[in-house]
Amino acid sequence: MSKFDAGMESMLDTFVFESTELLENLDEILMRTEDSELGADDIAEIFRVMHTIKGSSAMMGLKNMSELAHAVEDIYFVIRENPELECDRPQLYELSFTTSDYLKNEIENLEDESVPLTDFSEFIERLHGFAKYLTDLAKGEAAAPPSAGKAVEIFSPDEPEELKTVQITFSESCMMPSIRAMVLMNSVSAEAEVVSTIPADLEADSADDSIRENGFYIKLLCDDMDKVIALLKDGVDVEKAEEIKRPAAAAAPEKKPEALPAGSAEEGVSTYLVRFEEGCLMPAIRAMVLVNSLAKEGELVRTVPADLEKDEAEEEIRKNGFRIEIKAKDPDSVLAVLKDGLNVLTADKLEPPKAAAAREKAETAAPSAQAAPAKAAAAPKKDAGGAHGGGSIISVKLEKLDRLLDLVAEIVITESGVTSNPDLKEYTGNLDRFHKSARELKKLTDELQDVVMSIRMVPVQTAFQKMSRVVRDMNKTLGKNVNLVFVGAETEADKSVVDILGDPLMHIVRNAVDHGIEMPEERAAAGKTEPATVTLSAGYESGEVVISCEDNGAGMDPKKLLAKAKKNGILTKPENEYTDAECYELIMTAGFSTNETVTEYSGRGVGMDVVRKNIETVGGKMSIDSELGRGSKFTIRIPLSLSIIDVLDVTANGSELSVPVSSVKEIFRAEESQLINDPGGDELIMVREKCLRVIRLADAFELEGERIPLTEGIMLYCAEGDREAVIFADELTSDQQVVVKPLSILLNKFDLKKKGIAGCSILADGSITLITDINELLIYNGIKSRAELG
Amino acid sequence: MAADRTSAGQLLTFGCADQIYAFDIISVTDIIEVPEITRLPMVAEHILGIMNLRGKVVPVMDFAGRMGFPPQNYDEHSCIIVVDCEGALLGIKVPKVIDAEAYDPDEVSPSPVENSVITGYIELKGRRISVIDCLAFSEKGK
């Protein structure tokens, strides 16, 4: 028996994906705002997340999730309506985080039918309690400011009468309304003199949002208004352009939407107000059903809200009720139909008071003044939604991208097979046009390749962000007040690499906070004044993504580690032969745990060895460095298996090799006077008062051939981390972009990576070039880092 | 009958140093002409280098070198047999491919030598054929 509605299985993937993304988004907002201010945008966003989850899980038939989301939505509804409200924030965040966890957990278990749907009703009670507390609090603050005060003042009081105002509405899909607006202003300049616009500064970042929310207004002086309007209407993405007049009376634009006109003055038309039950999940749909059921009763004049399919309709109905104006023969029977509707709480016939009717007339005279605040209330939600569901982002299965990438690689190779086909050489006629087209084709395929590559690249931020949550939770339980700092979170890596990083990072960060960082008292006792910090950083080095996690905690004692390892019987050689670095590596051995007590977060001794294994299976490496009393640093290096890098192609004794440009600081030819021969046989070179080792690529890679004098070849001044040396090659042949592919695992036993070969790459002509790993090359050839030299 | 058919396999036989060797055809993915092979530094002598097999980089071994035979004469009959060693492709350069022949794995006399590259021997059409275990041959995991 499936947990969700039959027939919804096809939607499951999408549901899981979208909800997970929404919840991550929620976590991010909660994390960011927990210690600072919860802005109106954030509240709206949280509200939207909950609203969407409520809707989609209701659609999937997951009633428990839907109700949970609903309860949270209610809380944020109150908060949104009363932004000034001072409430119990720790509790609010605790509830919100717990909700997020519950929902995530539920989504994870969705496909597992052995796990029943969780009953959240107890927790929902708590949420309801909190919502009630908030509502009471809000009622206490009688002077709560009106919520719809966002309207833009369109008409300034001292505006001359000949100044005309035009309101322009752009279509919803319009990406950059501010730019469209600028274009429009230019286009009318021939017909009219533009005095000012609302928003005034179209180049400001906020202009787009403001236009989307409130519309765009131009104040201008002109002779022929119709012509101007026609011009404006012709504009790209313009939905509507109309002249608006200043309202006759001082109609207050900040009028609350709650004060809806109670009825219309028109003959025979009666107005009904329907309110739905609190628990009604989709009032807009219920409203639609009602409208349909009224079809027999009479002619529908209009409804408020008018468009029931819009997202905002739900909320508006919930807030103001649903209003129906209908020309009906028998008002009582209409009322009866309405009252019979599902989830209908009350349905009343409204008598049109005269004052209200009069006011409505004033409003029709000033439609824009009324439209503006109404839109202002609805727009922010829509806007926030644009980032996700707005059609500008789609999600694609990774396998499809893999296939695309393979295809593109094949196209590139085939293309060069065609354009440099040997048959062409035998052809004696004119090939100018062919070559021109061939060049065009090459340009396009190059671009295609770049684009496809870039699609797969995502910032490591996504993996880092999840750690904020881990650290936050641990701070709450352990009371260590650890700061989590990100460095280089914008570093991009292949999607698959970032996905792989998630679990290892979680383990390492947990270890750092749990074992690494001391309790506040211990820190104080050790005289540490700086705040406890865990730093996650990312960057590139030698065609690898380097991720490190550094803490300024207690550090590790090699002797202690050794003793512990001895006790657990995992030593593989005599105790005194272990170097410090090897001692640290012991903690990545199976069956090792240094913490005496096992905590909720770590310490079962199955952490680090699993982490190391995971990283090694994707061709990565992990290393540990530590200083007792100062902290530890865990570094993960993962090859950018699919990334493109820039390389310099060189030859050494007839072999072609590629050196990543990122490793090379400088290329030069050596002068005899720079060269020094060390008595030990090493060749050295002076580069701007620095004495560096010269490594002949041919020697480093054991390529046979003649040793040419150093002055005849090319020098590459390479630096990796704080290791430096000059690499010598015979010739520099070209520079290009390549895709690094790892060498076959069948070659693993030759340790080529350690000796300085990172992998290889297939070039456009189908030939293969070897990519060097300068960092490894320097280490393997005994180049010491500055730290090691002391 | 059906059981017979599934148990019967095919051998890809090839000659080297006056002997006949064979791979079970199940593990063979391609037989190709000898392409351009990019040399690899710092590897064993019998590793000829790497080649581009339709966008995949595949290492190439010299069969004779791997078996410890003296270098063979390679001519236009020489080719590369590509075998799949549990997901990793390996190209093996052989002097001459002979044929694909049906055989019954039960008729192979297993070699008593442990961890040998030769799984066993079989007599087909009056010739003795040495059946190679491509996983052992590839030195994978060593």
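Mentor: Let's go through the strands and then the cores. This is a predicted model, in which local features need pLDDT of at least 70, side-chain atom pairs count only at pLDDT 80 or more, and totals for chains, interfaces and linings use all residues. Residues are numbered from 1 along each chain as its sequence is written, and chains are lettered from A and ligands numbered from 1 in the order in which they are written.

Trainee: What makes strand β5 (residues 56–62) of chain B largely enclosed?
Mentor: A residue is buried if 20 or more other C-beta atoms, placed from the backbone, lie within 10 Å of its own. Five of the seven residues of β5(B) are buried, so the rest of the structure largely encloses this strand.

Trainee: How do you know that β4(B) and β5(B) pair?
Mentor: Pairing takes at least two DSSP bridges between two strands. Strand β4 (residues 47–53) of chain B and β5(B) have six, in the antiparallel sense, including the one between B:I50 and B:P59.

Trainee: And which strand runs parallel to β5(B)?
Mentor: That's strand β7 (residues 88–94) of chain B, joined to β5(B) by three bridges.

Trainee: Why is something called a nonpolar core?
Mentor: The name goes to a set of buried Ala, Val, Leu, Ile, Met, Phe, Trp, Tyr and Cys residues joined through C-beta atoms within 7 Å. The largest has 77 residues, and A:L697, A:I727, A:F728 and B:I81 touch the most other members. Its largest share, six residues, comes from strand β6 (residues 79–85) of chain B.

Conventions
A residue is buried if 20 or more other C-beta atoms lie within 10 Å of its own, exposed if 12 or fewer, and partly exposed in between; C-beta atoms are placed from the backbone. Helices (H or I, at least four residues) and strands (E, at least two) are DSSP runs, numbered from the N terminus.
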